[in-house]
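Hello,

Here is the structure I said I would pass on. My notes on it follow below.

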Amino acid sequence: MANFRLCLFTLSLITLTFILQQFHVMSDEAMIINVCSKAPNPSLCQTCLHSDPKRLGNDITRDADKLYTDTDNLYTNTKDPALHNLLDNCWWRFLGARDNIDSAGRMLSDKGSDAAKLAITRDAMPMITYCSDLFKKSPTVAVPKNIIDEMECC
């Protein structure tokens, strides 16, 4: 009788684990959809986050570094005060996004792709989305095309 109860308990625990695991995956997917819906290019964002997890450590980190470097150089060298003020709100966010993406790449080997994708959607993408929204709210300020394009690649 005790073996039957133990078996029933174990079976219930396994079933509960599988059910909860599905909700976890669904919540990550919902987060990806929610964050990407605010990205400059939602389709590209979702494609990136659903792509090969090894990309997190390579291409995305390189793209985020380029976005930060180009924005910082433009921020430092621009003679346009409106562009300088706009970039003043973004260069440090792009630095944070780059660092968070780099951390997600390291997290990939320690905790797996779900944790790395969650870190990107929760920590990095909102910083980039903030600047994308800011640029859209300032249509009279000429933000160079390469910066806009690089934001879509991150």
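**Overall composition**

Of the 154 residues in the protein chain, 33% are buried, where buried means under 20% relative accessible area, exposed over 50%, and partly exposed in between (1.4 Å probe, protein chains only). Please note that this is a predicted model, in which local features need pLDDT of at least 70 and side-chain atom pairs count only at pLDDT 80 or more, while totals for chains, interfaces and linings use all residues. Residues are numbered from 1 along each chain as its sequence is written, and side-chain values use heavy atoms, with hydrogens and water left out.

The protein chain has 8 helices and 0 strands, taken as DSSP runs numbered from the N terminus (helices: H or I, at least four residues; strands: E, at least two). The pattern along the sequence is α-α-α-α-α-α-α-α. Among contacts (heavy atoms within 4.5 Å) with a separation of 6 or more in the protein chain, 69% are between residues 24 or more positions apart. The accessible surface of the protein chain is about 9200 Å², and carbon and sulfur atoms supply 61% of that surface. Accessible areas come from the Shrake-Rupley method with a 1.4 Å probe; for residues, only the protein chains shown count as cover.

**Helix α4 and its partners**

Helix α4 (residues 59-77) packs against helix α6 (residues 91-111) at an angle of about 160 degrees, and their axes are 9 Å apart. Axes here are lines fitted to C-alpha atoms, for helices over the stretch in contact, and angles run from 0 to 180 degrees between N-to-C directions. α4 and α6 are therefore roughly antiparallel; the classes are roughly parallel under 35 degrees, roughly antiparallel over 145, roughly perpendicular from 65 to 115, and oblique for the rest. The residues of α4 that meet α6 include Ile 60, Ala 64, Tyr 68 and Thr 71, and those on the α6 side include Trp 91, Phe 94 and Ile 101. The residues of this contact of α4 with α6 divide into 9 nonpolar, 2 polar and 4 charged.

With helix α5 (residues 81-88), the axis of α4 comes within 9 Å and crosses at roughly 140 degrees, so α4 and α5 are oblique to each other. Thr 71, Leu 74 and Tyr 75 in α4 meet Leu 83, His 84, Leu 87 and Asp 88 in α5. The residues of the contact of α4 with α5 come to 4 nonpolar, 2 polar and 1 charged.

**Individual residues**

Thr 71, in helix α4, is buried, with a relative accessible area of 0%. Leaving aside neighbours within four places in sequence, Thr 71 is in contact with Leu 87, Trp 91, Phe 94 and Ile 147.

Ile 60, also found in α4, is buried at 3% relative accessibility. Ile 60 and Gly 105 are 45 residues apart in sequence, with 9.0 Å between their C-alpha atoms.

Leu 134 sits in helix α7 (residues 113-136) and is buried, with a relative accessible area of 17%. Not counting residues up to four places away in sequence, Leu 134 touches Leu 86, Asn 89 and Cys 90. From Leu 134 to Leu 87 the C-alpha distance is 9.6 Å, at 47 residues apart in sequence.

Regards

Notes
Nonpolar A, V, L, I, M, F, W, Y, C, P; charged D, E, K, R; others polar.
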